[in-house]
Amino acid sequence: MWYQSHQSLAGTILVADDQAANRELLDELLTTQGFRVVTVAHGAAAVEELTRTQVDLVLLDVMMPHLNGFEVCQKIKSNAETYLIPVVLITALSDKQDRIEGIKAGADDFLTRPVDRAELLARVRSLLKLKHRTDELERAESVLFTLARSIEGKDFYTYGHCERLSNYSARLGEHLELAKDQIVALRRAGIVHDVGKVAVPDAILLKPGKLTELEWELMRAHPLVGERICAPLKSFRLVLPIIRHHHEKVDGSGYPDGLRGDAIPITARILQIVDVYDALTTDRPYKKAFSITYALQTMKEEVAKGWWDPHIFDQFERQVRSGGAPLSRRVGAAGQ
């Protein structure tokens, strides 16, 4: 929980140090400045405390029993629930190698003992401001995800579609050895790729029959609307091309820009294959779910027409047939 004042930006700080005198000193210094302080006596206790308490900053002594500061920092930074929490390592060691090890563990900053009060408070406040901005960004992302899921929730037939695309596409991206930031973008895009459909009337979204040309015009605008909605978030830099281009086709017959071949970002080519597969293997108002075999055969024919990337489809098909890719929620019984 955050409180803004003219003097300081308050937050909850976890202090881990095996020396009681050091814990008491830091507790007193930080508490008098309006921070809430939680103290623990060793590294394992710090890891355990993070499962119980919402923490905004961690101050870690390096030399601790059970788990040292480097090990605790590495655990914090490798956990999706805690990796955004700033970590400051406090040590009497000034050796360059120790700092290198701390950087490798993911430490955000360092303090050397004896701790200077002014330096401690300056660094704590600076990192808490950064954490506050990160939290605001996470809240904005959460709003977008909620909006995307609310659009999906209008149609019983697309229930779970966003989560499936998020998981499928990230797995395929990992299989294709994409960079970590691209895989994160695929996870996010799987959720928000159709957020632009908020501008499409329900009568069109849920229409069981064929759309008129005017209705198709509105529907084809949703990637551009989605891109505009998500554009203010700088963390979505790699997500925006996926949102905009997930309806392009390799032969240039897709929309909204008619891109061809490799001009379509690889992340968009991944998501579109997963998107098509999920649409084919789930019930929709206009059709029953295809069997896995029939869905893959249909997509193979579309690859031959020049719609989808043949290499990416080949790798996806291998994943599906080997059981390496999850199956859709409602698939046809035959050919599984």
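Helices (H or I, at least four residues) and strands (E, at least two) are taken here as DSSP runs, numbered from the N terminus. The structure is a predicted model, in which local features need pLDDT of at least 70 and side-chain atom pairs count only at pLDDT 80 or more, while totals for chains, interfaces and linings use all residues. Residues are numbered from 1 along each chain as its sequence is written, and side-chain values use heavy atoms, with hydrogens and water left out.

## Overall make-up

The chain contains 14 helices and seven strands. Of its 336 residues, 50% are buried, where buried means under 20% relative accessible area, exposed means over 50%, and partly exposed lies in between (1.4 Å probe, protein chains only). A contact is counted when heavy atoms are within 4.5 Å. Among contacts between residues at least 6 apart in sequence, 63% join residues at least 24 apart.

## Two cis peptide bonds

Pro114 sits in the loop between β7 (109–112) and α5 (117–152). The peptide bond that joins Arg113 to Pro114 is cis, with omega about -5°. A cis bond also runs from Tyr255 to Pro256, where omega is near 10°. Pro256 belongs to the loop between α11 (240–245) and α12.

## Helices α6 and α12

Two packed helices are described by the angle between their axes and the distance between the axes. Helix α6 (residues 161–175) packs on helix α12 (residues 266–280) at an angle of about 135°, and their axes are 9 Å apart. The arrangement of α6 relative to α12 is therefore oblique. Axes are lines fitted to C-alpha atoms, for helices over the stretch in contact, and angles run from 0 to 180 degrees between N-to-C directions. Angles under 35 degrees count as roughly parallel, over 145 as roughly antiparallel, 65 to 115 as roughly perpendicular and the rest as oblique.

The α6 side of the contact is formed by His161, Arg164, Leu165, Tyr168, Ser169, Leu172 and Gly173, and the α12 side by Ile270, Leu271, Val274, Asp275, Tyr277 and Asp278. Sorted by class, the contact of α6 with α12 holds seven nonpolar, three polar and three charged residues. In this sorting, Ala, Val, Leu, Ile, Met, Phe, Trp, Tyr, Cys and Pro count as nonpolar, Asp, Glu, Lys and Arg as charged, and the others, Gly among them, as polar.

## Buried residues and their contacts

Ala268 is also part of helix α12. Its relative accessible area is 0%, so Ala268 is buried. Not counting residues up to four places away in sequence, Ala268 touches Pro241, Ile242, His245 and His246.

Leu121 lies in helix α5 and is buried, because its relative accessible area is 4%. Apart from neighbours within four places in sequence, Leu121 is in contact with Leu29, Leu30, Gln33 and Phe35. Between Leu121 and Leu30, which are 91 residues apart along the chain, the C-alpha separation is 7.7 Å.

Lys197 is in the loop between α7 and α8 (202–205). With 18% relative accessibility, Lys197 counts as buried. Leaving out residues up to four places away in sequence, Lys197 touches Ile151, Leu205, Met219 and His222.

His66 is found in the loop between β5 (57–61) and α3 (69–77). Glu177 is in the loop between α6 and α7 (180–192).

## Cysteines

A disulfide is a covalent bond between the sulfur atoms of two cysteines. Here a disulfide is counted when a pair of cysteine sulfur atoms is within 2.5 Å, and the count comes to zero. Cys73 is buried at 0% relative accessibility, and Cys162 is buried with a relative accessible area of 5%.
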